[in-house]
Amino acid sequence: MNASGRRSRIAETLEARPATVEELADEFAVSPSTIRRDLDRLVASGRILRTYGGAAPAGAGREQSLRERELVAGEAKQAIGRHAASLVAPGSVNILDAGTTVGMLARCLCARSDITVITNGMTTARTLEHAEDVELVILGGRLRHISSGTVGPLAEAALSTLTADAAFLGADGVSAERGLSEQTDQQASLKRAMVRAANELYVLADATKLAASSAHWWTPIERPWTLITDAAASERQLQPFRDSPHITVVIAEPGH
């Protein structure tokens with residue numbers, strides 16, 4: 001395959017999903033440096049967007065609505081949510097972030113009793129509003145309609161007065177080195193407050209969120225945490241997380 005044909009194939013691949021440089025190098029049997037040059041050409045043509053460690057479709061720079069994200073990796077998010085629910089201990093206080101994957105966790109908690117859920121996510125709040133045996137605490141703040149979650153000083157001030165046994169966080173992208181990426185500084189700042197408030201940290205992220213991200217605001221996690229992802233994650237995606245002494249990797253299997 002000549003270089004022009006390879007670049008066309010790379011663009012077609014990226015229309016379906018984000019990918020890292022290493023994944024593309026393996027798929028097309030060329031060196032990472034060759035892939036980087038191909039990506040530079042595709043960026044110049046406007047066909048793709050470079051992300052941290054890889055690339056995504058040019059349209060990926062637009063933040064997806066909550067409804068759009070609900071249509072991505074649905075089965076994987078269900079598996080992740082079920083596994084995360086198994087980690088919620090009786091009598092515990094838990095922070096649930098906004099987002100579709102954490103929203104799946106909320107669905108799994110509806111029948112639970114003797115737990116407290118603190119959330120900035122309107123999806124989680126609506127899911128649990130009739131769960132009478134779940135103590136529900138909703139963080140105030142400014143509502144981001146596109147993500148259906150509250151952000152800002154009011155939400156952070158509330159978190160500063162609370163402690164939790166565990167926090168279950170989502171993200172636009174997850175990096176073993178840099179932490180969690182978000183579309184805005186307020187989202188990243190609120191996540192930092194959640195990290196400070198919780199004893200145990202769990203990041204819920206399907207395979208499409210690992211490494212590749214078009215978001216530019218980061219929440220570093222400089223303490224032990226657990227990544228819960230799905231079986232579609234490749235070993236190349238998982239290896240940086242497995243190599244970190246601070247990160248535990250859990251694969252949520254479908255149907256479990």
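The following is a conversation about a predicted model and the terms used to describe it.

Biologist: What makes up the protein in terms of helices and strands, and how many residues of it are buried?

Modeller: The protein has 10 helices and 15 strands. Of its 256 residues, 50% are buried. The protein exposes about 11800 Å², and carbon and sulfur atoms supply 50% of that area.

Biologist: What makes the seven strands an open sheet, and which strands stand at the edges?

Modeller: The strands follow the order E6-E5-E4-E9-E12-E14-E15, with parallel pairing. Strand E6 (134-138) and strand E15 (247-252) stand at the edges with a single partner strand each, so one side of each has no neighbour in the sheet. On average, neighbouring strands of this sheet are turned by 20° against each other, direction ignored.

Biologist: How do you know that E12 pairs with E9 and with E14?

Modeller: Two strands pair if there are at least two bridges between them. Strand E9 (residues 164-169) and E12 have five bridges, in the parallel sense. E12 and strand E14 (residues 225-230) have three, and they also run parallel. Both counts meet the cut-off, so both are pairs. As for individual residues, Leu169 stands opposite Val203 in E12, and the bridge partner of Leu204 is Ile228 in E14.

Biologist: What makes E14 and E15 a pair?

Modeller: Six bridges join E14 to E15, and the two run parallel. Against the cut-off of at least two bridges, they therefore pair. Leu227 stands opposite Val249 in E15. Helix H10 (residues 235-243) packs on the sheet and touches E14 and E15, its direction making about 145° with that of E15.

Biologist: Why is strand E12 called largely enclosed?

Modeller: Strand E12 covers residues 198-204, and five of its seven residues are buried, so the rest of the structure largely encloses it. Helix H9 (residues 185-197) lies across strand E4 (93-96), E9 and E12.

Biologist: Why are H8 and H9 called roughly parallel?

Modeller: Helix H8 (residues 153-160) and H9 pack at an angle of about 5°, with their axes 9 Å apart. Angles under 35 degrees count as roughly parallel, so the two helices are described that way. H8 contributes Pro153, Ala155, Glu156 and Leu159 to the contact, and H9 contributes Gln186, Ser189, Leu190, Ala193, Met194 and Ala197.

Biologist: Why is Ser175 called buried?

Modeller: Ser175 has a relative accessible area of 1%. The cut-off is under 20%, so Ser175 is buried. Its place is in strand E10 (residues 173-175).

Biologist: What makes the approach of Ser175 to Glu177 a polar contact?

Modeller: The side chains of Ser175 and Glu177 make this contact at 3.1 Å, and the cut-off for N or O atoms is within 3.5 Å. The side chain of Ser175 also reaches the backbone nitrogen of Arg178 at 3.1 Å.

Biologist: Which residues of helix H2 are buried, and what follows the helix?

Modeller: In helix H2 (residues 21-28), the buried residues are Val21, Glu23, Leu24, Ala25 and Phe28.

Key: Residues numbered from 1 in each chain as written. Predicted model: local features only at pLDDT ≥ 70, side-chain atom pairs only at ≥ 80, totals over all residues. Heavy atoms only, no water. Buried < 20%, exposed > 50% of the residue type's maximum accessible area, 1.4 Å probe, protein only. Helix = DSSP H or I, 4+ residues; strand = E, 2+ residues; numbered from the N terminus. Polar contact = N/O pair within 3.5 Å; in protein donor to acceptor, adjacent residues only side chain to side chain. Areas by Shrake-Rupley, 256 points an atom, 1.4 Å probe, with all protein chains shown as cover. Axes fitted to C-alpha atoms, helices over the stretch in contact; angles between N-to-C directions. Contact = heavy atoms within 4.5 Å. Parallel < 35°, antiparallel > 145°, perpendicular 65-115°, else oblique.
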